[in-house]
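User: I would like to go through this model and ask what stands behind each label. Please set the values against the cut-offs.

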Amino acid sequence: METILSGDYPRSRLLTALLGLLLAVLAAAPFLFDGAQAINTAAKICVFVVLVASYDLLLGYTGIVSFAHTMFYGLGGYGVGLALYSWGPSWGAVAGGLALALAAGVLLALGIGLFSLRVRAIFFAMITLAVASAFAVLAAQLSDVTGGEDGRSFRVPELLRPGFRLVAEPVLGTTINGRVVTYYIVFASALLLFLAALRVVNSPFGRVLQAIRENEFRAEALGYRTVCYRTAANCLAAGMAVLAGALNALWLRYTGPETTLSFTIMLDILLMVVIGGMGTLYGAAIGASLLILAQSYLQKLMAVAAQATEGLPLLPQLLHPDRWLLWLGVLFVTSVYFFPSGIVGRLRAASR
Amino acid sequence: MAEALLTLEGVHTHIGQYHILQGVDLTVPRGGLTVLLGRNGAGKTTTLRTIMGLWKPSRGRVTFAGRDIAGLSTPDIARAGIAYVPEAMGIFSDLTVAENMTLAARRGPPDKARLDWIFAFFPALRRFWSQPAGVLSGGQKQMLAIARAVVEPRALILVDEPTKGIAPAIIDNMIGAFAELKREGTTILLVEQNFRFAAALGDTVAVMDDGRVVHRDRMAALAADEAAQTRLLGLTLDAHQ
Amino acid sequence: MAATSPATTSADSLPEARRDLAPLLVAPVLMVAALPLVGSLPTWVTLTVAGLAMGMMIFVIASGLTLVFGLMDVLNFGHGAFIAVGAYLAMTMLVPLAGWVQADSLWLNLAALALAVAAAGIGTGVLGFAFERVIVMPVYGEHLKQILVTMGGLIVAEQAIHAVWGGDQKAMPLPQALRGAVVFGDVAVEKFRLLAVAVGLLVFAGMQLVLNRTKIGLLIRAGVENGEMVEALGYRIRRLFVGVFVAGSALAGLGGTLWALYRETLTAAIGGEVMVLVFIVIIIGGLGSVGGCFLGALVVALAANYVGYLAPKIALVSNILIMAAILMWRPQGLYLVARR
C-alpha cells in the first residue's frame with residue numbers, strides 16, 4: 001500500500017471511505033449498472049479524474065493558472081480520433097495518433113512555458129488563454145482535417161466495438177462486449193495515471209514544485225531553477241491531459257470541439273479542482289466525481305425550480321437549466337473565497 | 001532633555017513568519033537629531049517602516065506628538081507630519097524632478113522660497129529640474145529624496161542610510177542640509193552606518209541589536225567612548241568609517 | 001500644474017535622457033511592409049483604416065486593464081464583463097432612440113450614440129465599483145485567487161446577461177449617417193471606422209493629458225512605479241485605485257459599445273472574444289504601460305487585418321505569432337514599467 005500510494009494517504013477516515021467507495025463502484029460499474037447513461041457517467045468520471053489530477057499538478061502543486069488544459073485534452077482526442085478516422089481502425093493508428101499528440105502537446109507546453117514562465121508567472125494565465133482560444137478556433141476552422149464544429153466520428157479497433165464478445169456467455173449477467181473491454185481499458189489507464197501522478201507529487205521533484213509555490217524567491221535562492229521546474233510541470237500536466245483526451249476519444253468513438261476544447265470544460269476542470277481541494281490529488285478525484293454526478297442532477301433540479309417559479313419576474317430565467325453555468329460560477333467564486341482548501345481540506349481538518 | 005516627539009514602547013513587528021522587532025523602546029526628543037545605529041539585520045529599517053505604518057506592529061505603542069499612531073494607515077501617518085526617505089530612495093524615475101517635488105508638496109505647488117532654500121544645498125536639483133528623475137546619478141537621487149521629504153515643513157523626518165554609496169562631497173552637502181533642518185526645528189530620526197556622518201550630526205543615539213534597542217546615550221558621549229563603540233558596534237565601525 | 005520652474009540653463013551635462021523609440025517604429029514598419037504584399041493601394045488603405053479602427057477600440061478597452069494592473073498588481077480577468085454589459089446597455093438605450101438612429105441627420109444620430117455610450121459608461125462604471133468591492137478587494141496580493149475569482153466573475157456576468165437579455169444574437173444597427181463608406185478616388189473608407197479612430201484618438205489624447213498634466217495623473221504614474229512611496233507621501237492609493245478601476249470599467253463599456261456597432265451584432269460572448277485580443281495587446285505593450293498598450297493594439301489590429309486579407313487561414317494564429325516575436329525581442333513587452 002505504501003508503495004502504491006507513494007506514502008501519501010488520504011489522512012481522513014471519511015475520505016478513505018469515500019475514495020474506497022468510488023474505486024469500488026468504478027471498478028464494478030459494468031456489472032452494477034445496466035443503462036448506457038450510468039456507464040457513460042462512470043467512464044467520464046475516470047477520464048476526468050485523470051484530467052483534473054493533471055490540472056492540479058499545475059494549479060495546486062505548482063501554483064500557476066493555465067487556461068490551456070482543454071487544448072491538450074483536445075490534442076489527445078483529435079490525435080487518436082483523426083488517426084483512426086484517416087488511417088482506419090487499427091491499434092497502429094491508435095498508437096501513432098497518440099504518439100503524435102503527445103509529442104505535439106509536450107512541445108507546445110514547452111514553448112508556452114519558455115515564453116511566459118521565463119518572465120512572470122502571471123503572463124502564463126493570459127498567454128495560455130490566448131493560445132487555447134486560437135487553437136479552438138483553428139480546430140473549428142480547419143474543417144477539412146478536423147470536421148469543424150461537427151467533429152469526427154470514427155471506428156475503433158475490433159476489440160473495442162460493441163459487437164465484439166470477449167467471452168461467449170454473460171458473466172454475472174453482463175455481456176462482456178467491446179464496450180466493457182473499452183471501459184476497463186479506460187478505468188485501468190486512469191487508475192495507473194492517477195497513481196503515477198501521486199508518485200510524481202511525492203517525489204523530490206514534486207516537493208521542489210511545492211517549495212516554489214510557497215516561496216519562489218527562497219527556492220530560487222536555494223539554487224533551484226524555478227523556470228525549469230515550472231516548465232517541466234507544465235509539460236508533464238500537458239502530457240497527462242493528452243492521455244486523458246485520448247481515453248475520452250476511445251470511449252466516445254467521436255471527437256469534436258464541444259467535447260474537448262470548449263471553455264465550459266475548462267471551467268468544469270477549474271471548479272473540480274477548487275471544490276475537491278487544490279494541492280491534493282484525492283481532491284481531484286472527489287471533485288471530478290462529485291461535479292459530474294451533480295451536473296445532471298443540478299440541471300434537473302433547476303428545471304423543476306424554474307417551473308415552480310413560473311410567472312415571477314426574472315427568477316425563472318435565472319433558474320432555467322441552461323443557466324446552470326451561472327450557479328456554477330457563483331459556486332466557484334464563493335468556494336475560492338470561503339472554501340479554499342476544498343472538500344479534502346475540510347475532511348482532513350475535521351479528522352485532526 | 002527636550003520632551004519626546006516620538007516614542008516607541010515595546011513594539012513587536014512580524015514580517016511573514018519572522019519576528020523582526022522584539023520589543024523596541026525608543027524615544028526621539030523634539031527638535032534633535034537621533035541616530036539609530038546597529039549591525040545589519042538589527043531591525044533599524046524595520047523600525048522606520050513600522051513607524052511609517054508600512055509594516056503593522058503586532059504589539060506595542062507608537063506615540064507621535066501625543067497621539068497613538070500604531071494602527072493608522074501610512075497616508076494618515078504621513079499626514080500627521082512624518083516624512084520618510086527610504087533606503088532605496090523611492091524616486092519616481094518616470095516623473096521629472098519637478099513632478100516628484102510637486103507630489104511631495106501636498107498643500108499645493110511647492111513654495112518658491114522653500115525651493116530656493118533647498119537648491120542652496122542641492123544645486124543639482126535646480127539644474128535638472130525638468131529632467132526625468134530616472135536619469136539622475138545615485139547621489140542626485142538621494143538629494144531629491146531628501147528634498148521631497150522637506151519640501152513642506154514636517155515635524156519629523158525618517159531617513160534610512162542616506163550616505164550609502166554616496167560620494168564624500170555630497171555627504172558634506174547633506175551634513176549642511178541636516179544641520180540647517182535642525183536649526184529650523186525639524187526633528188530627524190536617522191538610520192546610519194557611517195559613524196563619522198552620524199557623529200557629526202547626532203544629538204542622541206540609540207543602538208539596536210536583535211530587534212531591540214540595547215543602548216541609549218548622547219551622541220557626543222558615545223563618540224568619545226571608543227570602548228563602548230567597539231562593544232556595541234563591533235566590526236561595523238571599521239568597515240564603514 | 002507646472003510647478004514653479006526655476007528658469008535655469010546650465011552647462012552641466014546630464015547623461016542624455018535616452019528616449020526609447022524603437023517600439024514606436026513597429027506599427028509604421030508593419031504598414032509599409034504590408035503595402036507591397038497587398039499590392040493594391042486602395043485595398044491597402046481600406047485594410048489600414050480597418051486595422052487602425054480596430055486597434056483604437058482594443059486600446060480603449062485595454063487601457064484601463066493595464067493601468068489597474070500597474071497600479072495595484074491586480075489582473076482582472078473579468079474585464080470582459082464590462083465590455084459585454086456596456087454593449088448591451090447601449091443596445092437597450094438605442095431601442096427607444098430608434099427615431100434618432102434612423103433619422104437622416106448626422107447630429108441626431110450622434111446624439112443617440114452619445115446617449116447610448118453614456119448609458120454604457122455610467123452603467124459599467126457602477127458595475128466596476130461593485131466588482132472591485134465584492135470580487136477583487138478580498139484577494140489583493142494573491143494572484144492565483146485573483147485570476148480564479150475574476151474569471152468566475154466573468155462567467156457569472158455573462159450568464160446574467162443571458163438571463164436578463166436572452167441568449168440569442170442581437171442586432172446592433174448603425175445610425176443612418178454612419179452607414180456606408182466615404183469614397184476618395186478609388187479608395188473607400190467606411191464611415192464608422194473613421195468615427196472609431198476619432199474616438200480612440202480622443203481617448204488616448206485625453207488619457208495622456210490626464211496622466212501628464214494633472215496631479216491625479218502624476219499620482220497614477222507614480223503609483224504604478226512605487227505605490228508604497230505614494231502612500232508614504234500621504235496619498236491614499238486605495239481611492240486612486242478604485243477611481244482607476246471605475247474609469248477603466250467605463251472605458252471598457254465604451255469600447256464594447258463601439259465593438260458591437262462595428263460588428264453590428266451582439267452576443268453575450270463578446271466579452272470573452274475581445275478579451276483574448278486585449279490580453280495579447282497588454283502583454284505586447286508591457287503590463288502597466290498605457291503607451292505600450294496603444295502601440296500594441298495598433299500592431300495587433302493592423303496585422304490581423306493584413307494577414308486576414310493575405311492568408312485568411314493563418315489569420316487566427318497571426319496574433320499569437322506576433323506576440324511570440326515581440327516577446328522574443330523584448331521579454332517584458334514593448335515598454336517595461338519600472339516596478340518597486
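**Labels and their grounds**

Analyst: Between chain C and chain A the rule finds zero salt bridges; a salt bridge is a side-chain nitrogen of Lys or Arg within 4 Å of a carboxyl oxygen of Asp or Glu. This is a predicted model, in which local features need pLDDT of at least 70, side-chain atom pairs count only at pLDDT 80 or more, and totals for chains, interfaces and linings use all residues. Residues are numbered from 1 along each chain as its sequence is written, chains are lettered from A and ligands numbered from 1 in the order in which they are written, and side-chain values use heavy atoms, with hydrogens and water left out.

User: What makes C:Arg221 and B:Glu99 a salt bridge?

Analyst: Their closest N and O atoms are 3.8 Å apart, and the rule asks for within 4 Å, so the pair qualifies. The rule finds four salt bridges across the interface of chain C and chain B.

User: How much area is buried between chain C and chain A, and what share do carbon and sulfur atoms give?

Analyst: About 3600 Å² is buried there, with 83% from carbon and sulfur atoms. Buried area is the accessible area (1.4 Å probe) that two parts lose on being put together, summed over both. On the chain C side, C:Leu148, C:Gln159 and C:Leu316 lose the most area to chain A, together 17% of what that side buries. For chain C and chain B the buried area is about 3000 Å², of which carbon and sulfur atoms give 63%.

User: Why is A:Leu270 called buried?

Analyst: Its relative accessibility is 0%, and buried means under 20% relative accessible area, exposed over 50%, partly exposed in between (1.4 Å probe, protein chains only), so the label holds. Leaving aside neighbours within four places in sequence, A:Leu270 is in contact (heavy atoms within 4.5 Å) with A:Tyr55, A:Leu59, A:Phe67, A:Phe332 and C:Leu148.

User: And why is A:Val167 called partly exposed?

Analyst: A:Val167 has 37% relative accessibility, and therefore counts as partly exposed. A:Val167 is found in the loop between strand S1 (152–153) and helix H7 (178–201) of chain A. Helices (H or I, at least four residues) and strands (E, at least two) are DSSP runs, numbered from the N terminus.
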